[in-house]
Amino acid sequence: MKRNVNGDQHILNVIQKAFDKGQQGNMDTNTMIHWLKQELQSGYTIDTNQKAL
């Protein structure tokens, strides 16, 4: 089973950023969920575009 290391790393980086923002008190739960969805979707879009090239 082959894993997408770049995709996994992107997800871990996004989660770390969200955790850091939460620790700073800059996000409530709803804001964090919305932010995570946007970050993960943009990473997926970038990854898909790179594969197409």
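This report describes the fold, the surface and two residues of a predicted model.

**Overall architecture**

The protein chain contains 2 helices and 0 strands. Helix H1 covers residues 5–23, and helix H2 covers residues 29–52. The chain has 53 residues, of which 13% count as buried.

**Two residues in the helices**

The table sets out the helix and the relative accessible area of isoleucine 15 and methionine 32.

| Residue | Helix | Relative accessible area |
|---|---|---|
| Isoleucine 15 | H1 (residues 5–23) | 46% |
| Methionine 32 | H2 (residues 29–52) | 23% |

Buried means under 20% relative accessible area and exposed means over 50%. Isoleucine 15, at 46%, is therefore classed as partly exposed. Methionine 32, at 23%, also falls between these limits and so counts as partly exposed.

**Surface patch**

Isoleucine 15 belongs to a nonpolar surface patch, together with Ile11 and Leu40. The accessible area of Ile11, Ile15 and Leu40 together is about 240 Å².

**Surroundings of methionine 32**

Leaving aside residues up to four places away in sequence, methionine 32 touches Ala18, Gly22 and Met27. For alanine 18, the C-alpha to C-alpha distance to methionine 32 is 6.7 Å, while 14 residues separate the pair in sequence.

Technical notes. Residues are numbered from 1 along each chain as its sequence is written. This is a predicted model: local features need pLDDT of at least 70, side-chain atom pairs count only at pLDDT 80 or more; totals for chains, interfaces and linings use all residues. Side-chain values use heavy atoms; hydrogens and water are left out. Patches are made of residues with over 30% relative accessible area and no salt bridge: like charges are joined within 9 Å, nonpolar side chains (Val, Leu, Ile, Met, Phe, Trp, Tyr) within 5 Å. Accessible areas come from the Shrake-Rupley method with a 1.4 Å probe; for residues, only the protein chains shown count as cover. A salt bridge is a side-chain nitrogen of Lys or Arg within 4 Å of a carboxyl oxygen of Asp or Glu. Helices (H or I, at least four residues) and strands (E, at least two) are DSSP runs, numbered from the N terminus. Buried means under 20% relative accessible area, exposed over 50%, partly exposed in between (1.4 Å probe, protein chains only). Contact means heavy atoms within 4.5 Å.
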